[in-house]
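Hello,

Here is the structure I promised to pass on to you. Please have a look at it first, and then read my notes below.

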Amino acid sequence: MTETALIDGANIVRCTARIGAEIRNIKLSGDLSSRTIGAINSLLLEHKVIFFRDQGHLDDAEQERFAVRLGKLVPHPTLHVTEGTASILNIDSTRGGRRSDLWHVDVSFVEAYPKIAVLRGVVIPPIGGDTIWSNTAAAYLDLPPPLQRLADELWAVHSNAYDYTVMPRISEAEKKFVDEIYAKTIYETEHPVVRVHPETGERTLVLGDLVKGFVDIPKYDGNRLFDLFQFHITAPENTVRWSWREGDVAIWDNRATQHYAVKDYDQHRVVRRATIDGDVPVSVDGRRSVMRRPSNSRP
């Protein structure tokens, strides 16, 4: 690992060559200077996901105060936020909920899905419970040029509707949660498979388990296309794995990553997430994503 100075005594330690960095000796808060917030955003754009240990001083309110410095906070469109906050989502292993042990982009079933997520470890089991992130910009660059050109032209439909036929491990409690809460209102949005990142100009692959099919591609062929591109996204060399401790904070660029919460623990786990409003993805030929359902898409 290499270290370089960041700002005011903090430094950065890269986790891998392609994705991830730990930022050391910095205390996150809503009172950080604009210069420091700018540096954090720049590091996020470069490394896609950044990690901070020893942030146990944060509570829900202070996590929110810090997160809003990165942009406008938005609640989850289908789930309730923590009482007393505008955007903090409580993810508690004892309360059931939508499974996260699948590769996904957060809330990609809406038109302008969140651009950044700020996740704080509150209760962490002594064994297991890691999270893995992948770099979807690096994955695109790994594609042979003919496959890049194919991906550039493809559009996919993302939805919060579950297909239980391909979810053999889903429990009755999880199914009840999905039917009654998570997917009570069905969302469907057409996104380009390749979006142009609005800040870096990189081309990133937009797929994950919320994809229900490709536009104008039969399901049989679409399944194989999905596997082909998803294979590159989740290739080990494009990933970083974080072993959580209580008080850790992870921040990721939701426009240039996918992530997977490893469900290999049997004790209590609680993490809390704030999300920052994103913009409507734009394809390489300048077209914007379109929400199909419900009919309250942004102008």
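Let me begin with Asp54, which sits in the loop between strand 4 and helix 2. (Helices, H or I runs of at least four residues, and strands, E runs of at least two, are DSSP runs numbered from the N terminus.) Asp54 has a phi near 60°, a positive value in a residue other than glycine. With a relative accessible area of 64%, Asp54 is exposed; here buried means under 20% relative accessible area, exposed over 50%, and partly exposed in between, with a 1.4 Å probe and protein chains only.

Before going on, a word on the basis: this is a predicted model, in which local features need pLDDT of at least 70 and side-chain atom pairs count only at pLDDT 80 or more, while totals for chains, interfaces and linings use all residues. Residues are numbered from 1 along each chain as its sequence is written, and side-chain values use heavy atoms, with hydrogens and water left out.

Val107 also has a positive phi, about 60°, although it is not a glycine. Val107 lies in the loop between strand 6 (89-92) and strand 7, and at 8% relative accessibility it counts as buried.

Now the overall picture. The protein has six helices and 18 strands, and its C-alpha trace spans about 55 × 45 × 40 Å along the principal axes. Buried residues make up 56% of the 299 residues.

What about the inside? The largest nonpolar core has 25 residues, and Leu28, Ile50, Phe52, Phe66, Leu70, Val118 and Ile251 touch the most other members. Helix 1 gives the most to this core, with four residues. (A nonpolar core is a set of buried Ala, Val, Leu, Ile, Met, Phe, Trp, Tyr and Cys residues joined through side-chain atoms within 4.5 Å.) Leaving aside residues up to four places away in sequence, Leu70 touches Ile37, Lys115, Ile116, Val118, Ile251 and Ile276, where contact means heavy atoms within 4.5 Å.

Asp179 belongs to helix 5 (residues 172-182) and, at 39% relative accessibility, counts as partly exposed. Finally, a cis peptide bond joins Arg293 and Pro294, with omega about -15°; Pro294 is in the segment after strand 18 (290-293).

Enjoy exploring!
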